[in-house]
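Q: I have a structure open and would like to go through it with you. Can we just talk it over piece by piece?

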Amino acid sequence: MRILLTTWGWRSHFYGLAPLGWALQAAGHEVRVASHPSLVPAITAAGLAAVPLGRDLDFAEAFAGRIGAVGALDPAGPAAPDPALPAAPAPAVPATPDPATPEQDDPLEPAITADGGVVRFADALLDDLVGFGRAWRPDLMVWEPFNLAAPVAAAALGVPGVLHLWGPDSSVTLRLDPESVLGPLAGRFGLAASDVSLTGALTLDPVPPPMQVPTARPGRPVRFVPYNGPAVLPSWLHGPADRPRVCVTAGTMMAGVGLDDRLGLARVIRAVAGLDVEVVVLVEPAQQARLGPLPDNVRLVDAPLALRLVLPTCAALVQQGGAGSTMTALGLGVPQLVLPQVSDQHFNAERLAVTGAGTWLSPARADDDTLRALVGELIGDGHWRESAALMRDRVHAMPTPAEVVPALVALAASTRS
């Protein structure tokens, strides 16, 4: 079979697809990964064949003014308690705020609009994606969330599609008018908005309950296999740490769009370093120079070091709430404190909190003392660690990407035949 994976905009969007690409390729299928030219290094570094298409856009410029703080996002409200998970007592300090108390006077509405960055990225990729598809003739297309070019191309090519989620399905929080958003894109190929399915014929969901967002559409579970890009294992990771280790990261998106100052990363690091721990800081190179002097118990990593390699040695993770960071820690059984700043980060934080494997602090409540007290709780051997271990086991019990390959091949074959 010929399988076309397609991703857009940002390398972390691709990372969630890479393990499935490896599984398909190892099973003997032809795999191509189509994306904007700027993503070619990330794709080829993962050992997959890149197809550069369309034109590059500046991510920060495309989303200028459209990435902002939002309030509580979970439309379903709190999940019912899971009897298999330990009952989580209230933290020593209040973490999650009262959802009735707005954090912002004028929060941005979560929406995909006809003039938004998501549509602009789709517009830059779509024509070339359809053109390549007509030439290469894939049997199946696989895409990740908010990639609008892919489902339109799949409809134009008459190819079955698969949506591969990268974490909790935050699309349930978004307003999207199909006629205004999809209509013009589909119309290029003589299609109507109703001819395009954003979720394809099947959804692959890596999120176990109770963190999972239930949907009525056809879906299959798939194990989250952490991949955070190329990495080099340093000598200090060859053995265990001599005291509890806490990892602090800000992911990739915030620095890329110029919003990392919202997190106050240097202050967060210094607050955590006030505990008797070793703090390992994983940040983008551009962020390092802005951190200033750091305490002696802080290790600032300046070489390629993927989160998946350092977290197994850590007692806790402090992070911004990106799907990749959240799911990597979940799959490795590491308790988390999320400091969400924008839209889907809030959503991921809320979904994580229902598992008991972590908690979150709103920006208004993340003062040094509160932050340090919560991290002190997380590194203990209490309910946080027990819940994190149970969620890790649930992730590991899900079918591997290799185990879902036959279902994808059957889906492609049923259409081809």
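Q: Which residue in E13 is the bridge partner of valine 248?
A: The bridge partner of valine 248 is valine 318 in E13. Keep in mind that this is a predicted model.

Q: How many bridges join E10 to E13, and do they run parallel or antiparallel?
A: Three bridges join E10 to E13, and the two run parallel.

Q: And what stands opposite valine 318 in E14?
A: Leucine 337 stands opposite valine 318 there. E13 pairs with strand E14, residues 336-338, in the parallel sense, over three bridges.

Q: Through which helix does the chain cross from E13 to E14?
A: The chain goes through helix H13, residues 323-332, and this β-α-β crossover is right-handed.

Q: OK, H13. How many of the ten residues of H13 are buried?
A: Eight of the ten are buried, so H13 is largely enclosed by the rest of the structure. The buried ones are Ala323, Ser325, Thr326, Met327, Thr328, Ala329, Leu330 and Gly331.

Q: What covers the buried residues of H13?
A: The cover includes the strands E10, E13 and E14. It also includes helix H12 (307-310), helix H14 (343-353) and helix H16 (383-396).

Q: How many of the eight residues of helix H10 are buried?
A: Six of the eight are buried, and H10, residues 265-272, is mostly covered. The buried residues are Leu265, Ala266, Val268, Ile269, Ala271 and Val272.

Q: And what covers the buried residues of H10?
A: Among the elements covering them are E10, E13, strand E11 (278-282) and strand E12 (298-300). Helix H11 (285-288) and helix H15 (368-378) are also included.

Q: New topic: the largest nonpolar core. Which of its residues touch the most other members?
A: The core has 37 residues, and Leu4, Leu53, Phe63, Leu126, Leu129, Met141 and Leu148 touch the most other members.

Q: Which elements give two or more residues to this core?
A: Helix H4 (59-62), helix H5 (117-136), E5, H6 and helix H8 (183-187) do. The largest share comes from H5, with ten residues.

Q: What does methionine 141 touch?
A: Leaving out residues up to four places away in sequence, methionine 141 touches Leu4, Thr6, Leu129, Ala150, Ala153, Ala154, Leu157, Val159, Pro160, Gly161 and Val162.

Q: Now the rings. How many aromatic pairs does the count come to?
A: The count comes to six aromatic pairs. In one of them, the rings of tryptophan 22 and tyrosine 227 have centres 5.2 Å apart and planes at 80°, so this pair is edge-to-face.

Q: Why does that pair tie together parts that are 205 residues apart in sequence?
A: Because tryptophan 22 lies in helix H2 (residues 18-26), whereas tyrosine 227 lies in the loop between strand E9 (219-221) and strand E10 (245-249). Tryptophan 22 counts as partly exposed, at 31% relative accessibility. Tyrosine 227 counts as buried, at 9%.

Q: What about phenylalanine 146 and tryptophan 166: how far apart are the centres of their rings?
A: Their centres are 6.1 Å apart and their planes are at 70°, so that pair is edge-to-face. Phenylalanine 146 is partly exposed, with a relative accessible area of 21%. Tryptophan 166 is buried, with 12%.

Q: Which residues do ring pairs link into a cluster?
A: Phe14, Tyr15, Trp22 and Tyr227 are linked that way.

Q: And what sits over the ring of tryptophan 236?
A: The charged end of arginine 299 sits there, 4.3 Å from the centre of the ring.

Q: Last one: how many helices and strands does the chain come to?
A: The chain comes to 17 helices and 15 strands. Of its 417 residues, 52% count as buried.

How values were computed:
Residues are numbered from 1 along each chain as its sequence is written. This is a predicted model: local features need pLDDT of at least 70, side-chain atom pairs count only at pLDDT 80 or more; totals for chains, interfaces and linings use all residues. Side-chain values use heavy atoms; hydrogens and water are left out. Rings of Phe, Tyr and Trp (its six-membered ring) pair if their centres lie within 6.5 Å; planes under 30 degrees apart count as stacked, over 60 as edge-to-face and the rest as tilted. Helices (H or I, at least four residues) and strands (E, at least two) are DSSP runs, numbered from the N terminus. Buried means under 20% relative accessible area, exposed over 50%, partly exposed in between (1.4 Å probe, protein chains only). A charge sits over a ring if NZ of Lys or CZ of Arg is within 6 Å of the ring centre and within 35 degrees of the ring normal. Two strands pair if DSSP finds at least two bridges between them. A crossover is right-handed if, with the strands pointing away from the viewer, the path from the first strand over the helix to the second runs clockwise. A nonpolar core is a set of buried Ala, Val, Leu, Ile, Met, Phe, Trp, Tyr and Cys residues joined through side-chain atoms within 4.5 Å. Contact means heavy atoms within 4.5 Å.
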